[in-house]
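Please keep the structure in view while reading, and locate each element as it is named.

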Amino acid sequence: MSEQSKSSQAPDRTPRVVIIGAGIAGVQTAVALREQGWRGAITLLGDEPHQPYDRPPLSKAVLLGKAEGSTFDIDFAGLDIELRLGHPVTALLPDAHLVETSDGPLPYDYAVLATGAEPIVLPGSEGMPGVHLLRTLDDAERLRPVLAAQHEIVVVGAGWIGAEFATAAREAGCAVTVVEAADRPLAGALPAEVAAHMTGWYTDAGAELRTGARVASVTAGAVTLADGVTLPADAVVIGIGARPATAWLAGSGVEVSPQDGSVLADDRLRTSVPDVYAVGDCASFPSARYGTRLLIHHWDNALQGPRTVAENIARGDAEGLVYDPVPYFWSEQFGRFVQYAGHHGDADELVWRGDPAGAAWSVIWLREGRLVALLAVGRPRDLAQGRKLIERGVVLDRERAANASVPLKAAAV
């Protein structure tokens, strides 16, 4: 037999990375692998049929019809990245190094879990006509004509996504009522003394905010609250949070948090089984910087984490690169640009910078004098300087830090 015949019959030994999830975390992992010099095969699996796209524009430009989509401008073919779209993954078999898909099993040398998060559904609203979520491109496409028709809309949940959707709906001319079970907006993210100053933003924008309002039922054309009040609704948008999309990992041996459903990655974003990493919204990781495990459902984490995963796979050394970022996110709501960097706890000292009744102000959190987190409303310079100070673990002079006219970096001790 000729050498050519032998080689044509030999099994494919090309090392392969299989990335499960074609959102930003999965896409950026694939691109970063090539940037890190990975010469093996890369397969990117997505359960949606659409070309990979970015999610933040869905609650803004795409929703309002100012953009047709938010597809990533990436030459996957040129990077030799194989896209398999519309093929949901059903199981992971680490012992066999196989990923089970709707199209059959796929072998891997390394697997990367980047399945993101899925929205929490309001009980009793599943399949109800006129009830919407806002997570995917299809969701945004279904909601676009609702906004264009200037319908009367009830938004359930006054978190980040609820506020952003309410902003877009008011911009489109819809009548908007936001109902929130907690006593304030952003209750899961910010302390009461900070969130209290955001309550008026809804009224200023012409939206009604009802706090302490639990939903009893959703029916066609109406939302009934626990106190008996019925709100008319041509459409209902649910924005009550999201959970990591990890149910499909049951029985795989990948350790998942019983509390929040996240994959319990280590500080190098490795999972509990060999050769499998996790990144983005589906994974939590231990932060030495903050002394706790972090689960971050924000775009910047899905952008930064893949670089660590890609370098650790491409280098292939046992130590690996540690992932311990300063978390960051932004939100555009009611004409304000809100940014947050870091991570704070209830025990951290809160210091105001500026008047929260005004158009621009900041809040910082100190831990033993060190800056650990910052919220900036219309003060991007505070955010930019604060993020660097947090990264360096800088101690601030409290009095100077509280003076909004003093650049934050000038408060460093």
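Two residues are said to be in contact, or to touch, when they have heavy atoms within 4.5 Å. By that criterion, T211 touches E180, A182, D183 and R184, not counting residues up to four places away in sequence. The model described here is a predicted one.

**Residue T211**

- T211 belongs to strand β12, which covers residues 208-211.
- With a relative accessible area of 35%, T211 is partly exposed, because this class lies between the limits of 20% for buried and 50% for exposed.
- T211 and I81 are 130 residues apart along the chain, and their C-alpha atoms are separated by 47 Å.

**Helix α4**

- Helix α4 comprises residues 160-171, and at 1.5 Å a residue these 12 residues should span 16 Å. The C-alpha atoms at the ends of α4 are 17 Å apart, which agrees with that expectation.
- Of the 12 residues of α4, 9 are buried, so this helix is largely enclosed by the rest of the structure.
- The buried residues of α4 are W160, G162, A163, E164, F165, A166, T167, A168 and A169.
- Just after α4 comes G173, which takes a positive phi of about 95°.

**The sheet of five strands**

- An open sheet is formed by 5 strands in the order β22-β23-β26-β25-β24, and their pairing is antiparallel.
- The edges of this sheet are β22 (328-333) and β24 (349-353); each has a single partner strand, so one side of each is left without a neighbour in the sheet.
- From one strand to the next, the twist averages 15°.
- Helix α4 packs on this sheet, where it touches β22 and β23 (336-342). The direction of α4 makes about 30° with that of β22.
- Strand β24 is joined to β25 (residues 361-367) by 5 bridges, and the two run antiparallel. Within this part of the sheet, W352 stands opposite V363 in β25.

**Loop residue F334**

- F334 is located in the loop between β22 and β23.
- The relative accessible area of F334 is 10%, so this residue counts as buried, the limit for that class being under 20%.
- Leaving aside neighbours within four places in sequence, F334 is in contact with A163, A166, T167, W201, Y202 and A205. Among residues buried in α4 are A163, A166 and T167.
- F334 and A166 are 168 residues apart in sequence, yet their C-alpha atoms are 8.3 Å apart in space.

- Helix α7 has 17 residues and reaches 25 Å from its first C-alpha to its last, close to the 24 Å expected at 1.5 Å a residue.
- Helix α7 is mostly covered, with 12 of its 17 residues buried. Among these buried residues are D300, N301, A302, L303, G305 and P306.
- Helix α2 (residues 24-35) packs against α7 (residues 299-315) at an angle of about 35°, with the axes 8 Å apart. The crossing of the two helices is right-handed.
- On the α2 side, the residues that meet α7 are I24, A25, Q28, T29, A32 and L33. On the α7 side, the residues are W299, A302, L303, P306, R307, V309, A310 and I313.
- By class, this contact of α2 with α7 has 11 nonpolar, 2 polar and 1 charged residues.
- An α-helix has 3.6 residues a turn, so residues three or four places apart point the same way.
- After α7 comes G316, whose phi is positive, near 65°.

**Strand β20 and its partners**

- Strand β20 consists of residues 283-287; 4 of its 5 residues are buried, so the strand is largely enclosed by the rest of the structure.
- Strand β18 (residues 263-264) pairs with β20 in the parallel sense over 2 bridges, and V263 stands opposite A283 in β20.
- Strand β21 (residues 292-295) runs antiparallel to β20, and 4 bridges join the two. Across this pairing, S284 stands opposite L295 in β21.
- The hairpin of β20 and β21 has 4 residues between the strands, and G291 takes a positive phi near 65° there.

Notes:
Residues numbered from 1 in each chain as written. Predicted model: local features only at pLDDT ≥ 70, side-chain atom pairs only at ≥ 80, totals over all residues. Heavy atoms only, no water. Expected span 1.5 Å × (residues − 1). Buried < 20%, exposed > 50% of the residue type's maximum accessible area, 1.4 Å probe, protein only. Pairing = 2+ DSSP bridges. Axes fitted to C-alpha atoms, helices over the stretch in contact; angles between N-to-C directions. Left-handed = near helix turned anticlockwise from the far one by under 90°. Nonpolar A, V, L, I, M, F, W, Y, C, P; charged D, E, K, R; others polar.
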